[in-house]
Amino acid sequence: SGGGAGAAMWARGLWALLAALRAGWCLLPQAGYLHPDEFFQSPEVMAGDILNLQVYYPWEFLSSSPCRTVVFPLMTSGVTYWVIKSLQQLDMCSSCINSYTLLVSPRLLFTIFSFILDYSVYRLAPFWEADPWKALVLLAGSYVTLVFYTRTFTNTLEGLLFALLMVLVSSRKAGGSVAELTSSPLIGIVTTAGFFNRPTFLAFALMPLLYWAGLIVDSEKGIKTVINHFLKLVLCACFTAVVFITADTFYFTSVGLDNLYSIKNSSLLDVIGQLHEKMIVTPFNFLSYNLNPHNLALHGSHPRVTHFTVNGIMLFGILHILAISAGFKMLKKYIHQLIRVKSYYHGSSGLLVHSEGNPTLLLFYFVPLAFLSLFSHQEPRFLIPLILPLVLFSTSQNRAVKWKHVITIFNVLGALLFGCLHQGGLIPCLFHLEQLTHSPEPSNDPRHYTLLFAHTYMPPRSLLNIKERDTHIEVIDMAGSGEETLCRIVGQRANNFTCNNCHVFVIIPGTVRATITKCGVSFKNETLIFPHLSMEDPPQLPFLFSGNWRSQLGLYILQLDRDQ
């Protein structure tokens with residue numbers, strides 16, 4: 001019909017606009033800072049390794065406790081940093097390496113990769129009886145896609161690998177027969193890569209793998225074919241694991257570069273022996289750390305229902321609620337059927353019966369959610385891979401259409417809160433400080449800078465673009481220190497007269513600025529960076545309606561006046 005074609009054109013145009021917004025906002029750049037892991041589990045580490053900048057190495061990447069694979073950081077941030085480094089060495093640009101390129105180049109790669117999600121939705125929608133363009137608009141309009149999928153999180157990669165896995169297990173021919181399942185090697189590779197990226201990937205992979213196994217067994221090919229598929233999968237999985245283990249072992253132990261000289265003169269067996277002795281399997285270290293409740297508590301303990309009751313709604317809004325209500329309806333219906341006609345279904349295939357919408361998609365959504373709920377540490381970003389089954393489910397049977405205004409408002413607010421406001425002053429502040437500390441200076445009297453960060457998220461040092469050997473910039477992260485500690489450190493710096501060309505800057509949110517005025521030191525320059533919302537030190541509502549509201553939603557850079 002003409003109306004249908006018009007609607008389809010409209011949906012395509014809207015998707016193209018939202019896709020352009022995703023890429024454009026990444027380049028702007030997006031100022032919100034979601035969680036320290038977006039820096040400290042990839043770009044920060046690679047900036048130290050590849051660009052030799054002063055960085056803060058998180059404990060997971062120290063050779064004493066390797067808990068994260070280095071393969072994905074190398075393939076993402078590592079590659080982009082290598083490219084800008086090469087461009088600089090080839091004199092293509094004089095200052096290719098600056099805080100903007102350090103921030104944006106890895107993010108841009110992730111943003112390009114995020115379109116794997118769109119491709120997956122487009123491929124999967126017909127298979128799960130959803131309208132592809134409506135599903136794409138729902139996906140591209142979600143603030144989770146706009147904000148989380150353009151950031152350098154391991155969770156983002158987990159979501160993309162989960163999407164690829166869903167595409168691989170759902171490949172049917174149009175005739176409804178199972179396609180020649182050539183995908184078993186790829187399924188093995190994706191599952192293993194996902195496990196090394198984040199061991200929690202197994203929770204996401206469980207349903208797709210069971211579904212795939214079901215398809216193979218149902219295809220009524222001989223037992224030989226079935227065994228053949230599983231063998232291919234296992235072999236490819238093992239091969240992928242060997243690649244990851246070898247790369248990590250080289251990176252984390254001295255078997256790496258130090259021993260290359262001795263390796264040249266020794267036989268292959270000796271080398272294999274050396275590698276085997278020091279073999280590093282990062283996911284097992286990660287699991288042994290995280291299965292200890294005491295360790296998890298250090299990162300924050302949450303009630304087991306947090307994912308279901310808070311995080312799901314925070315990320316997906318009404319879609320999460322609709323999925324829960326549909327789930328309850330289906331359970332009720334299924335239990336009724338079980339009681340009424342026990343003999344009607346043979347075994348579990350009853351779950352796959354097309355009743356209202358597709359119950360299997362709901363399992364793809366709720367099974368990983370249930371597994372992740374077993375752990376006491378529950379952060380919203382852990383759920384971002386679930387956007388794919390949720391979008392497909394919400395678009396099938398036009399569930400989401402009648403809520404479109406609610407969905408739009410929710411995503412605009414989410415994008416503003418997390419993309420602009422949340423810790424939103426910190427990155428612009430680092431950009432400002434990078435320019436300040438790199439400004440030309442007289443060679444006979446070099447300046448020294450001390451940057452004191454208080455009550456902010458961990459500042460990624462790499463964005464300050466300080467060479468490893470530079471000693472003229474000192475970064476002190478005070479985190480959430482109390483008034484006494486803060487005043488003591490600031491006082492020490494103010495009264496240090498041994499240093500004559502010293503510049504001390506205190507970076508602090510407007511909501512806790514009052515604490516620093518009690519320290520009895522004076523400031524000469526102050527820069528207010530707006531907006532900046534700190535959930536740890538939230539603004540008081542009465543202040544927000546006073547003339548002083550900008551400072552409540554801002555981050556201050558205060559320069560100590562050392563002449564006083």
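In strand β2, the bridge partner of L452 is I476, with strands taken as DSSP runs of E of at least two residues and helices as runs of H or I of at least four, all numbered from the N terminus. The model is a predicted one, so local features need pLDDT of at least 70 and side-chain atom pairs count only at pLDDT 80 or more, while totals for chains, interfaces and linings use all residues. Residues are numbered from 1 along each chain as its sequence is written, and side-chain values use heavy atoms, with hydrogens and water left out.

Strand β2 covers residues 473–479 and runs parallel to β1, with six bridges between them; two strands are said to pair if DSSP finds at least two bridges. Strand β1 is also joined to β3 (residues 502–509), again in the parallel sense and again by six bridges. On the β3 side, V506 is the residue standing opposite L452. Strand β1 itself spans residues 448–454, and six of its seven residues are buried, so the strand is largely enclosed by the rest of the structure. Here buried means under 20% relative accessible area, exposed means over 50%, and partly exposed covers what falls in between, using a 1.4 Å probe and protein chains only. As a rule, side chains in a regular strand alternate between the two faces of the sheet.

Stepping back to the whole chain, the protein holds 26 helices and five strands. Its radius of gyration is 27 Å, which agrees with the value near 24 Å that a compact globule of 564 residues would have; the radius is taken over C-alpha atoms, and the globule rule is 2.2 Å times the number of residues to the power 0.38. Laid along the principal axes, the C-alpha atoms fill a box of roughly 90 × 75 × 50 Å. Of the 564 residues, 53% count as buried.

As for charge, the mean positions of the 37 positive and 33 negative charges are 12 Å apart. Lys and Arg count as positive and Asp and Glu as negative, leaving out His and the chain ends, and each charge is placed at NZ of Lys, CZ of Arg, CG of Asp or CD of Glu.

Most residues other than glycine have a negative phi, and most peptide bonds are trans. L28 and P29, though, are joined by a cis peptide bond with omega of about -5°, and P29 sits in the loop between α1 (2–27) and α2 (37–40). Another cis bond, also with omega of about -5°, links F530 to P531, the latter lying between β4 (523–529) and α25 (541–544).

Then there is N52, not a glycine but with a positive phi of about 50°. N52 belongs to the loop between α3 (43–50) and α4 (71–89) and is partly exposed at 35% relative accessibility. D91, in the loop between α4 and α5 (99–113), likewise has a positive phi, of about 60°, and is exposed at 66%.
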